[in-house]
Structures are given as structure tokens and as C-alpha cells.
Amino acid sequence: MKKGIHPEYQKVVFLDTSSDYKFLGGSTQSSEETIEWEDGNSYPLIRVEISSASHPFYTGKQKADKVGGRVDRFKKKYNMG
């Protein structure tokens, strides 16, 4: 890899603002805001709107489509069963 052209990869804390869930991960993103993590070190804080803690797919709170899928709507529209 060429030196000096890639962003710095570092550990950061991601905070899900909708559920207050925090996790430590790696990213090239940086932030002026920092937070002290469980290990006593201070890391940049990246705020996100959604994560696995609040996404409907992972929480099991998906809305069920009661109308049916495309095939069901097509069949109903053209009285095919």
C-alpha cells in the first residue's frame, strides 16, 4: 500500500441514539467527541441512528405484510384465485 494516502484506522465507540446501545469497533471515521469505554481508555464517539439493537430485522419487531406479496396482489387483481 502507498504510504500517506489512506485514512487512519482506529478503534471507535458507536452509539445507537435510538436505543443507547454502545459497542466498540474499528473504523476510519473520526470524531471530536470522545467517550470513556469499559477498559478505561478514551475513544472517539460516532453516533448512529440505527444498529442491530434497534433495527426491526434483528429485534424481531418487523411489520408483517398482511396484504400479501406481489403474486398474491396480481392474482387478486385479475381474479385468478
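Biologist: Why is F74 called partly exposed?
Modeller: F74 has a relative accessibility of 45% in this predicted model, and since buried means under 20%, exposed over 50% and partly exposed in between (1.4 Å probe, protein chains only), F74 counts as partly exposed. In this predicted model, local features need pLDDT of at least 70 and side-chain atom pairs pLDDT 80 or more, while totals for chains, interfaces and linings use all residues. Residues are numbered from 1 along each chain as its sequence is written, and side-chain values use heavy atoms, leaving out hydrogens and water.

Biologist: How do you know whether Y78 and M80 are buried, partly exposed or exposed?
Modeller: Y78 reaches 47%, and therefore counts as partly exposed, whereas M80, with a relative accessible area of 51%, is exposed. M80 is found in the segment after α2 (70-77), helices being DSSP runs of H or I with at least four residues and strands runs of E with at least two, numbered from the N terminus.

Biologist: What makes the pair of F74 and Y78 tilted?
Modeller: The structure holds 3 aromatic pairs (Phe, Tyr or Trp rings, six-membered for Trp, with centres within 6.5 Å; planes under 30 degrees apart are stacked, over 60 edge-to-face, the rest tilted). The ring centres of F74 and Y78 lie 4.9 Å apart with their planes at 50°, so this pair is tilted. Elsewhere, F14, Y21 and F23 form one aromatic cluster.

Biologist: Why is V12 called buried?
Modeller: The relative accessibility of V12 is 0%, so V12 counts as buried. V12 has its place in strand β1 (residues 10-16), and it touches F23, L24, G25, S27, Q29, Y43, P44 and I46, leaving aside residues up to four places away in sequence (contact means heavy atoms within 4.5 Å). The C-alpha atoms of V12 and S42, which are 30 residues apart along the chain, are separated by 9.0 Å.

Biologist: How do you know that β1 and β4 are paired, and in which direction do they run?
Modeller: Strand β1 is joined to strand β4 (residues 42-48) by 4 bridges, and because two strands pair if DSSP finds at least two bridges between them, β1 and β4 count as paired; they run parallel. L15 stands opposite R47 in β4.

Biologist: What joins β3 to β4, and what lies between them?
Modeller: Strand β3 (residues 34-36) and β4 run antiparallel and are joined by 3 bridges, with T34 standing opposite P44 in β4. β3 and β4 form a hairpin with 5 residues between them, and G40 in the turn has a positive phi of about 90°.
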